[in-house]
Amino acid sequence: GILTLGETRPQTDEEAPAGWLPPRAALGPGLLVFFGLLGFGGYNAFAALYAREIGFDHPGLIFGLFGLVVVIVRTLGRRVPDRLGGRRTLAISFVCLGVGLATIGAWQAVPGLFAGTVVFAVGQALVYPSAILLAMEGTSTAERSAVVGSVGAFVDVALGVGAFVLGAIAEVTSYGEAFLVSAAIATSGLLALVFVSRSARMRPA
């Protein structure tokens with residue numbers, strides 16, 4: 001089976017840049033991925049505990065709903081980043097992330113958890129594809145795999161840091177306040193998006 005697959009490496013005379021540092025083109029989009037997925041680290045860590053705290057004894061349904069929304073958005077809306085562009089789609093993503101997490105944290109009831117999860121999942125589904133699309137702008141063919149891999153590394157960093165930091169906040173305050181902090185971080189991704197976009201325009205070709 002595998003032996004019948006054709007070579008996917010694009011034909012190019014360019015040489016991949018040497019060195020172990022991530023490509024410069026990956027840093028801005030990677031930062032945006034960090035802002036976008038930090039809240040999911042906390043959500044994944046204590047959404048089930050929060051659900052039981054507000055009286056919902058079937059937290060698995062929450063994660064099932066989250067996964068279902070992500071699959072639907074990435075299936076039916078897979079062309080959205082291409083049509084709107086990486087920057088516009090990321091802006092929509094950060095708004096959805098902020099609104100969803102704020103809804104979960106402020107409306108501390110089962111309906112709030114479900115409604116917030118749906119909005120949050122929509123934003124989560126669009127963050128990574130949009131960031132990758134943004135990273136591809138101005139990236140040479142030889143550098144693309146390194147850029148994608150470097151942006152993907154920010155996913156693991158965001159999930160780990162988010163679980164640790166937001167878990168610590170929940171420990172000293174409450175789950176609701178931790179979700180509100182997550183919402184503030186996600187919303188601040190809009191400022192990071194402006195900064196990254198300006199830096200990209202100032203970068204020489």
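Colleague: Is Y50 buried or exposed?

Modeller: Buried means under 20% relative accessible area, exposed over 50% and partly exposed in between, with a 1.4 Å probe and protein chains only; Y50, with a relative accessible area of 0%, is therefore buried. This is a predicted model, in which local features need pLDDT of at least 70, side-chain atom pairs count only at pLDDT 80 or more, and totals for chains, interfaces and linings use all residues. Residues are numbered from 1 along each chain as its sequence is written, and side-chain values use heavy atoms, leaving out hydrogens and water.

Colleague: How is a pair of aromatic rings described?

Modeller: One gives the distance of the centres and the angle of the planes. Rings of Phe, Tyr and Trp (its six-membered ring) pair if their centres lie within 6.5 Å, and planes under 30 degrees apart count as stacked, over 60 as edge-to-face and the rest as tilted. By this rule the count comes to 13 aromatic pairs. In one of them, the planes of Y50 and Y175 stand at 75° with the ring centres 6.5 Å apart, so the pair is edge-to-face. That pair links distant parts of the chain, since Y50 lies in helix α1 (residues 24-53) and Y175 in helix α7 (residues 175-202), 125 residues apart.

Colleague: Which kind of pair do F66 and F120 form?

Modeller: Theirs is tilted, at 5.7 Å centre to centre and 35° between the planes, and both F66 and F120 are buried. One aromatic cluster includes F66, F120, Y50 and Y175.

Definitions and conventions:
Helix = DSSP H or I, 4+ residues; strand = E, 2+ residues; numbered from the N terminus.
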